[in-house]
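Open the model in your viewer and keep the sequence panel beside it. The tour below goes from one selection to the next and says what is there.

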Amino acid sequence: MPNLTTNYLGLDLSSPIIAASSGLTDSIEKLIELEVHGAGAIVLKSLFEEEIIMEMDEQMLAMTSRPYVYPETFDYMDEDPKEDTVRKYLRLIQEAKSAVSIPIIASINCVSAQKWTYFAQEIEKAGADAIEINLFVLPTDMNRTGDENEQIYYDVLKTVKEQVAIPVALKISPYHSNLSNLISRLDEMAVDGVVMFNRFYSPDFDINNLTVTSGQVLSSSDDYKNSLRWTGIMSERLKCSIAGTTGIHTSESIIKHILAGADAVQLASILYKNGPEYIDILNKEIFSWMEKQGFKSLQEFKGKMSQNKSNDPAAFERVQFMKQFRNFVM
Ligand SMILES: Cc1cc2nc3c(=O)[nH]c(=O)nc-3n(C[C@H](O)[C@H](O)[C@H](O)COP(=O)(O)O)c2cc1C
């Protein structure tokens, strides 16, 4: 009988399907439901760097009128009866660890390697199995170079790795001048996993009222191709784990990612659309496909269609339509 177990960030997962950081992972009730329906792990809703720094500064100012942060800050904070966002987050991690048995990955959304990184230790102390760092700097500052922006990734990873012993994953965007160089440098620095790729909020325009509006919040089922391409290109070149994300809505796109070499996938939009019970269906469909193909474990087909192993490695690097689709007609 096929089994769906996988290893991601050194953690044993019963299924490659991870509930991605989102509003679906911000309470104990939701986490229990996700586990009941077969999620292999859960990434908690992100805590934002600004929230951590704000709480730290407020507490420190209240206690010492000095805006610096010391490791003892959180010990003092425990004495405060008012529960702030940061302590709520730590309590969520602690409660999650007794409420569910699947791995719990805490998530921090940041744009710098500033003083928030001390908080990684608190996350570890609270019992999280791993930390996922969602890092993105929108390159709008014309006075900064690409290298300067990318240095933040290395600084954050280095600082957080120095603080904790639990695995650290980076959730990255595809928007880098040399993505493979960035990922391989992170890998050399012993990142435990890369999550490819984050999906961003994008503004849109309402042309009748001439206002800026919100773009589509949820992904569509065709959005997975970029993650698939890069998983296929990078999987054999890295020591760290890979989780595919964005636009993975079906068992077919999950299987494709594993064929490309992913250890796991992270799902948000389709769980918003279909509810956590959809994970049961996806697990069953992967299981049936494996039975049909004669695969007994994910390891037997993981990476079977990576760029190195594929029958058409050039296809992974083909980007222009011109030559390939010269005679394309509808
Ligand atoms: C409503 C919503 C809230 C999200 N909140 C977070 C978040 O707090 N932190 C984070 O790293 N990603 C967040 N994400 C991104 C998801 O974790 C995921 O990477 C992205 O939506 C792509 O996966 P999908 O196509 O399955 O939705 C959010 C996504 C959605 C749709």
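Select Asp312 first: Asp312 is partly exposed, with a relative accessible area of 31%. Here buried means under 20% relative accessible area, exposed means over 50%, and partly exposed lies in between (1.4 Å probe, protein chains only). The side chains of Asp312 and Arg318 meet in a salt bridge, at 3.7 Å from N to O. A salt bridge is counted when a side-chain nitrogen of Lys or Arg is within 4 Å of a carboxyl oxygen of Asp or Glu. Side chains of opposite charge can pair when their charged atoms come close.

This is a predicted model, in which local features need pLDDT of at least 70 and side-chain atom pairs count only at pLDDT 80 or more, while totals for chains, interfaces and linings use all residues. Residues are numbered from 1 along each chain as its sequence is written, and side-chain values use heavy atoms, with hydrogens and water left out.

**Other salt bridges**

How many salt bridges does a search of the whole structure find? The search finds 14. One of them joins Asp222 and Lys225, with 2.6 Å from N to O. Lys225 is partly exposed, at a relative accessible area of 40%. Move on to Arg87 and Asp84, whose side chains form another salt bridge, 3.0 Å from N to O. Are Arg87 and Asp84 buried or exposed? Both are buried.

**The annotated domain**

Select residues 84-289. An unreviewed UniProt entry places the feature "domain: Dihydroorotate dehydrogenase catalytic" there. UniProt positions are given in the numbering used here, feature names are shortened, and annotations may be inferred rather than shown by experiment. The span is 43% helix and 19% strand, and its end C-alpha atoms lie 46 Å apart. Helices (H or I, at least four residues) and strands (E, at least two) are DSSP runs, numbered from the N terminus.

**Helix 7**

Select residues 179-188, which make up helix 7. Its buried residues are Leu179, Ser180, Leu182, Ile183, Leu186 and Asp187. Look down the axis of helix 7: the buried residues fall within an arc of 160°, so they line one face of the helix. The arc is that of the directions from the helix axis to the C-beta atoms. Among the elements that cover these residues are helix 6 (146-163), strand 8 (168-172), strand 9 (193-196) and helix 8 (225-234). After helix 7 comes Ala190, with a positive phi near 70°.

**Helix 9**

Go to residues 251-260. Helix 9 is largely enclosed by the rest of the structure, because eight of its ten residues are buried. These are Ser251, Ser253, Ile254, Ile255, His257, Ile258, Leu259 and Ala260. They pack against strand 3, helix 8, strand 12 (241-245), strand 13 (264-267) and helix 11 (278-293).

Pick out Ile255, which sits in helix 9 and is buried at 7% relative accessibility. Which residues does Ile255 touch, not counting residues up to four places away in sequence? They are Ile286, Trp289 and Phe301, where contact means heavy atoms within 4.5 Å. From Ile255 to Met290 is 35 residues in sequence and 9.3 Å in space, C-alpha to C-alpha. Helix 9 is followed by Gly261, with a positive phi near 120°.

**Backbone stops**

Most residues other than glycine have a negative phi, and most peptide bonds are trans. Select Leu9, in the loop between strand 1 (6-8) and strand 2 (11-13). Leu9 is not a glycine, yet has a positive phi of about 60°; Leu9 is buried, with a relative accessible area of 5%. Leu210 also has a positive phi, about 50°, and lies in the loop between strand 10 and strand 11. Leu210 is exposed, at 74% relative accessibility. Then centre on Met196 and Phe197: the peptide bond from Met196 to Phe197 is cis, with omega near -5°. Phe197 belongs to the loop between strand 9 and strand 10 (203-206).

**Last selection**

End with Val212 in strand 11 (residues 211-214). Val212 is exposed, with a relative accessible area of 60%.
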